[in-house]
Amino acid sequence: MTDAEPLDCDEFVELVTAYLEDALDAADRQRVLDHLDLCDGCSTYLEQIRVTVRAVGDLPEPGGLADAGRQRLLDAFRRGV
């Protein structure tokens, strides 16, 4: 562990996106890694976020739905179907 102040779980959650995007400075990245070494809950959370990012990455781009299909869906939502 480094001399930097350790992360708590709330701060880890705030930094997880920057961590995954490799946007943290070296000190904060090390704090995240140190926290992951000690916290099974946050390690699980990180894996869940990775799975979610992969799943969402497989979704079609916005606007990929034909206008008629989009309108039918919007109408169904408005009717509460």
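Mentor: Start with how the angle is taken. Axes are lines fitted to C-alpha atoms, and angles run from 0 to 180 degrees between N-to-C directions. Keep in mind that this is a predicted model.

Now look at helix α1, residues 9–20, and helix α2, residues 26–38. Their axes come within 10 Å and cross at roughly 125°. That makes α1 oblique to α2. The crossing of α1 past α2 is left-handed.

Next, the residues that touch. From α1 come C9, E11, F12, L15 and Y19. They meet R29, R31, V32, L33, H35 and L36 in α2. By class, this contact has seven nonpolar, one polar and three charged residues.

Leaving aside neighbours within four places in sequence, F12 is in contact with V32, H35 and L36, among others. Its other contacts include L7, C42, Y45 and L46.

F12 also belongs to the largest nonpolar core, which has 11 residues. Other members include L15, V16, Y19, V32 and L36. α1, α2 and α3 (40–57) each supply at least two residues of this core. α1 gives the most, with four residues. In soluble globular proteins, nonpolar side chains tend to be buried together.

Finally, check the loop between α1 and α2, where D22 has its place. Phi of D22 is near 55°, a positive value in a residue other than glycine. D22 is exposed, with a relative accessible area of 56%. The cut-off for exposed is over 50%.

Conventions. Residues numbered from 1 in each chain as written. Predicted model: local features only at pLDDT ≥ 70, side-chain atom pairs only at ≥ 80, totals over all residues. Heavy atoms only, no water. Parallel < 35°, antiparallel > 145°, perpendicular 65-115°, else oblique. Left-handed = near helix turned anticlockwise from the far one by under 90°. Contact = heavy atoms within 4.5 Å. Nonpolar A, V, L, I, M, F, W, Y, C, P; charged D, E, K, R; others polar. Core = buried A, V, L, I, M, F, W, Y, C linked by side-chain atoms within 4.5 Å. Buried < 20%, exposed > 50% of the residue type's maximum accessible area, 1.4 Å probe, protein only.
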